[in-house]
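Please consider the following briefing on pockets, nonpolar cores and selected local contacts. The sequence and structure come first.

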Amino acid sequence: MNEVTSIDRTQREYSAAVKQALARAPQLYINGEWVDSSGEATIDVEDPSSGKVVASIVEATDKDIDRAVAAARAAFDSGVWREMPPVAREKIMHRLADLIEAHADELAELEAIDVGKPKGMAAAVDVPGAANHIRYMAGWAGKINGETIAPYSLPGGMMFAYTLKEPVGVCAQIVPWNFPLLMACLKIGPALAAGCATILKPAEQTSLTALRLADLVHEAGVPPGVFNLVTGYGHTGGDRLVKHPDVDKVAFTGSTEIGKLINRNATETLKHVTLELGGKSPVVVMPDVNPAEAGPGVAGAIFFNSGQVCVAGSRLYAHKSVFDEVVEGMAATKDFWAPRPSLDPEAHMGPLVSKEQHERVLGYIEAGKRDGASVLMGGDAPASDGGYYVNPTILTDVNPQMSVVREEIFGPVVVAQRFEDLDEVVRDANNTQYGLAAGVWTKDASAIHKIASKLQAGTVWANCHAMIDVAIPFGGYKESGIGREQGREGVEAYMQTKSVIMKL
């Protein structure tokens, strides 16, 4: 289907506050102050809605990374944060959440310019989500407790045994480019609640909101060295962090390929590791659904954030009796999801984050066509003056051997397939290296529970998609990750257990 509406894809003018943020000198936040890099290299920041360079950030050197780690190590060892009364840590974290909300409009605009996502979406999802993560985790600061344990093999009254929950130490936190501010707060929230010291490295493509976050962390009163921010490339600065002997834990969200590399490198010093990696999430639509509801719902599962979501519903399995109606319902949302500049108030989907990602997604679409897939909708890039846009795409007539079915595209591309029976669709849904998330659409509550128990995924949604809440653990099966973030498990990932045994 060709584009039927004419859309002006000229990016809107930036606000005064954002212009000021973009004009800041490239620096790093280390030990409670903004400092110059020991080198001179910088990285251009592009607005993917126009393809134009709008700012620059520091490309951190090894010396910069070492300085940040040393600051975090000194702060942690001093006890300035971990020994602070929990109520005081909680108050500082709540102050940070308040500051994020106070600067919500500026942060949403920065995120839109940096990532390409619509400002309205950033304002409704990313910024409130970031504040919620900090606020929720603040509450855990005073609720971390060990327990007393009665020894099993010794007479009562001989020994007194108990456990302590202690912060793991210095944490390197490496976040992706699709939800930069939200992911940064998802990482630093539990680390701060646990009493750790952190070094945050945002993605080189999208560091703008992390820089502003550092300003707010400082203003909130987090002590020097407890939070540090370094910008730069993953294969240099990120790699140095992962291998650094004074880093106790690495938390990474990103591709499975890089996650495996980080896990291997972290093993050298037996670091604690949390990995939230790639996905190829199946969405199963049962025959009893109302296609008028399921179609738009399934479309949102893949086209939200231009498909640049680890849990995107990129594999659709619709029962043969409703398949045609469901994909027609998806196709009917074409105008709603038509890509627009990120500051366009009518935008629901923006451009992809970079030229590299633009070429990657279009390359997958072309590979699908060569392999025999049919394009029901989209399959191309709309007219624009330099932006990295791809039209929302539905591919049919696919098979499990195609790269578009097996591999994570990370773009607005769904592969739609028919199924006949439950065992068949569960088998096909699980036929992947990934296991991050899955969705089921049906009116039958019993079927939801039966299918959810059989799907190999860390999260299963029923009649919705990508409903993520900070109180609910999140993580993947198989090659989609190690460990869990959010909720109690998310805080415990930044703790270690000490047993104390005393003879009476």
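Which residue caps the N-terminal end of helix 14? The cap is D421, with a side-chain oxygen 3.2 Å from the backbone nitrogen of D423. This is a predicted model, in which local features need pLDDT of at least 70 and side-chain atom pairs count only at pLDDT 80 or more, while totals for chains, interfaces and linings use all residues. Residues are numbered from 1 along each chain as its sequence is written, and side-chain values use heavy atoms, with hydrogens and water left out.

**Pockets**

- The largest pocket holds about 1400 Å³ of space. A pocket is an open set of points on a 1 Å grid over the protein atoms alone, where a 1.4 Å probe fits, with protein on both sides within 12 Å along at least five of seven lines. Its volume is the space filled by probe spheres set on the points, which are joined across faces, edges and corners.
- Lining residues have an atom within 4 Å of a point; the largest pocket has 47 of them, with W177, E204, Q205, S255 and I258 nearest its centre.
- Two or more lining residues come from each of strand 3 (42-47), helix 8 (234-243), strand 10 (249-253), helix 9 (256-267) and helix 12 (355-370). Helix 9 gives the largest share, seven residues. Helices (H or I, at least four residues) and strands (E, at least two) are DSSP runs numbered from the N terminus.
- The lining of the largest pocket comprises 20 nonpolar, 14 polar and 13 charged residues. Ala, Val, Leu, Ile, Met, Phe, Trp, Tyr, Cys and Pro count as nonpolar, Asp, Glu, Lys and Arg as charged, and the others, Gly among them, as polar.
- The second largest pocket contains about 650 Å³ of space. Its lining has 28 residues, with V125, L182, A466, M467 and I468 closest to the centre.
- Helix 5 (119-138) supplies the largest share of the lining of the second largest pocket, five residues. By class, this lining has 17 nonpolar, eight polar and three charged residues.

**Nonpolar cores**

- The largest nonpolar core has 89 residues, and L96, I100, L213, F227, V285 and L316 touch the most other members. Helix 6 contributes the most to this core, with nine residues. Such a core is a set of buried Ala, Val, Leu, Ile, Met, Phe, Trp, Tyr and Cys residues joined through side-chain atoms within 4.5 Å.
- Apart from this core lies another, of 27 residues, including V69, I262, V273 and L277.

- G278 is placed in the loop between strand 11 (272-276) and strand 12 (282-285). G278 is buried because its relative accessible area is 1%, the cut-off being under 20% with a 1.4 Å probe and protein chains only.
- Not counting residues up to four places away in sequence, G278 touches G254, S255, T256, E408, Y434, L436 and S480; contact means heavy atoms within 4.5 Å.
- T209, in helix 7 (residues 208-220), counts as buried because its relative accessibility is 0%. A polar contact of 2.8 Å joins the side chains of T209 and E111. A polar contact is a pair of N or O atoms within 3.5 Å, one able to donate a hydrogen and the other to accept it; residues adjacent in sequence count only if both atoms are side-chain atoms.
- In helix 14 (residues 422-430), the buried residues include E424, V425 and N430. Among the elements covering the buried residues of helix 14 are strand 12 and helix 15 (445-454).

Technical notes
Buried means under 20% relative accessible area, exposed over 50%, partly exposed in between (1.4 Å probe, protein chains only).
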